[in-house]
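Dear colleague,

I am handing over the structure we spoke about, with sequence and coordinates shown just below. Please look it over before reading my notes.

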Amino acid sequence: MSEGFNIDIVNPEKSFLSKENVSEVVVPAYEGEMGILKDHIPIISFLKPGIIKVISGSEEHNFYVEDGIVEFKDNTLSILTSSIFDIKNVNKKHVSDEIQEAEKELNKDDLNDQKRFLLNHKVEILKSISIN
Amino acid sequence: MASLDDLKKRISSVKSTQKITKAMKMVAAAKLRRAQESAERGRPYSEKMNNIILNLSSGVSDKENAPKLLSGTGDDKVHLCVVLTADRGLCGGFNSNIIKKAKSYFQKISDSGKTLKIITVGSKGYDQLKRLYQDKIIENISFKESKNANYFDADKVGKIIIEKFENNEFDVCTIFFNQFKNVITQIPQEQQIIPLKTEEKENKSSEENYEFEPDEDEILGNLLPKNISTQIFKAMLENSASEQGSRMSAMDNATRNAGEMVDKLTIEYNRSRQAAITKELIEIISGAESL
């Protein structure tokens with residue numbers, strides 16, 4: 001038996017990442033960060049903007065996601081998302097564009113609290129990416 | 001009979017048509033490969049999405065309070081049909097097959113006295129339907145400027161549908177598209193997306209107990225609109241692969257027909273050239289004889 005589990009990240013256009021033997025994944029779930037280890041019970045949750053951390057052995061991969069759904073079942077973690085990118089080869093310009101857009105959105109009046117919270121959060125995360 | 005000059009002109013015109021159809025076939029073949037690839041790459045997402053929703057909806061205990069996108073409005077008076085077609089012609093029976101399928105469905109709806117509303121995606125479908133169903137078409141969407149089917153466009157269509165659903169503009173939503181089977185076969189499909197049909201639910205033996213965070217209803221409420229866009233995106237991918245496949249085989253046929261036509265015309269040209277020569281000879285000989 002292997003020590004880890006499988007992870008599949010798919011977006012509508014293609015399969016983004018498929019990896020075996022991952023020891024831990026941290027996802028920005030809706031109600032807070034959630035670390036998933038092997039033999040987690042089946043869970044479905046959705047994501048808020050944040051960083052997915054994929055740890056396998058000593059390697060660590062970070063991805064930024066905006067939204068999505070996670071499903072864990074039979075030691076397979078599936079993440080469905082429409083917007084994801086690898087933090088390592090991220091385009092700085094793209095990030096600052098996203099921040100601007102989110103900030104523009106924030107200035108609208110008809111936002112409800114939940115949306116405002118999500119957008120604030122998004123801006124925060126994106127800013128922390130662009131600094132590094 | 002046409003004169004030699006006319007025949008010559010026709011032969012050269014058919015030949016240049018053949019060149020065009022051949023080029024179109026090549027282009028379609030190249031595009032087909034790409035479209036097919038992206039259709040295959042897009043499959044895992046929609047499959048997974050479907051699975052999750054199946055798991056979720058089998059876990060929903062009271063159907064009364066289930067989200068309306070799943071259970072429907074409880075009525076089926078107003079039907080919304082989304083007809084997905086290509087933006088371009090010259091692709092064999094591709095567009096007309098979808099239209100034919102859609103029309104027979106429309107007929108059924110109006111025969112049973114229900115109200116029909118139509119959204120067309122792609123300009124060819126609009127062109128073909130506007131004559132008969134002008135008053136029924138409530139929206140006409142076209143993505144002429146985007147080169148490939150992309151999720152962003154599908155999401156736009158999905159949002160329009162959901163907005164209309166939330167304004168209680170329809171009860172049942174069906175989409176029409178061509179499913180890509182192989183290059184020569186595309187099957188026109190109708191698929192009901194609102195309320196969601198979950199026939200496979202019974203066959204699922206493994207009813208896993210999931211943990212939900214936040215609760216089921218909220219997840220379903222978040223997921224179902226996404227699923228609409230995903231289904232439309234899937235339909236768009238299938239459609240674009242089908243379109244290229246259909247165009248490729250249509251252009252292949254056209255090229256072959258043009259070749260046959262060139263052969264026939266060449267024979268006719270040669271025959272009439274020979275006849276002209278023979279006639280001239282006979283004239284000379286009989287002229288000499290009479291002297």
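Predicted model: local features only at pLDDT ≥ 70, side-chain atom pairs only at ≥ 80, totals over all residues.

Let me begin with the domains. Chain A is divided into domain 1, covering 5-86, and domain 2, covering 92-131, and the C-alpha centres of domain 1 of chain A and domain 2 of chain A lie 22 Å apart. Each of these domains gives 5 residues to the contact between them, and on the side of domain 1 of chain A that touches domain 2 of chain A there are 3 nonpolar residues, 1 polar residue and 1 charged residue. In chain B, domain 1 is made up of two segments, 4-21 and 253-290, while domain 2 spans 38-250; the C-alpha centres of domain 1 of chain B and domain 2 of chain B are separated by 54 Å.

Turning to the sheet of chain B, this is an open sheet of 5 strands with mixed pairing, in the order β3-β2-β1-β4-β5. Because β3 (137-141) and β5 (186-194) of chain B stand at the edges and have a single partner strand each, one side of each is left without a neighbour in the sheet. From one strand to the next the twist averages 20 degrees. Within the sheet, β1 (residues 78-84) and β4 (residues 172-180) of chain B pair in the parallel sense over 5 bridges, and H79(B) stands opposite V172(B) in β4(B). Helix α3 (residues 94-111) of chain B lies across β1, β2 (115-121), β4 and β5 of chain B, and runs at about 155 degrees to β4(B).

Another packing to inspect is that of helix α5 (residues 151-166) of chain B with α6(B), where the axes are 8 Å apart and the angle is about 130 degrees; α5(B) and α6(B) are therefore oblique to each other, and the crossing of α5(B) past α6(B) is right-handed. On the α5(B) side the residues that meet α6(B) include Y151(B), A154(B), V157(B) and I161(B), and their counterparts in α6(B) include P225(B), I228(B), I232(B) and F233(B). By class, the contact of α5(B) with α6(B) divides into 10 nonpolar, 2 polar and 1 charged residues.

As for the two chains together, 22 residues of chain B are in contact with 21 residues of chain A. On the chain B side, α1 (4-59), β6 (211-213) and α6 (216-290) each supply at least two residues, with the largest share, 9 residues, coming from α1(B). That side of chain B holds 12 nonpolar, 5 polar and 5 charged residues. The chains are also joined through strands: β5 (residues 43-47) of chain A and β6(B) run parallel and are linked by 3 bridges, with S45(A) opposite E213(B) in β6(B).

The peptide bond from I194(B) to P195(B) is cis, with omega near -10 degrees, and P195(B) is placed in the loop between β5 and β6 of chain B. In chain A, D39(A) has a positive phi of about 65 degrees although it is not a glycine, and D39(A) lies in the loop between β4 (32-36) and β5 of chain A.

With kind regards

Note on methods:
Residues numbered from 1 in each chain as written. Chains lettered and ligands numbered in written order. Domains from an automatic or database assignment. Contact = placed C-beta atoms within 7 Å. Nonpolar A, V, L, I, M, F, W, Y, C, P; charged D, E, K, R; others polar. Pairing = 2+ DSSP bridges. Helix = DSSP H or I, 4+ residues; strand = E, 2+ residues; numbered from the N terminus. Axes fitted to C-alpha atoms, helices over the stretch in contact; angles between N-to-C directions. Parallel < 35°, antiparallel > 145°, perpendicular 65-115°, else oblique. Left-handed = near helix turned anticlockwise from the far one by under 90°.
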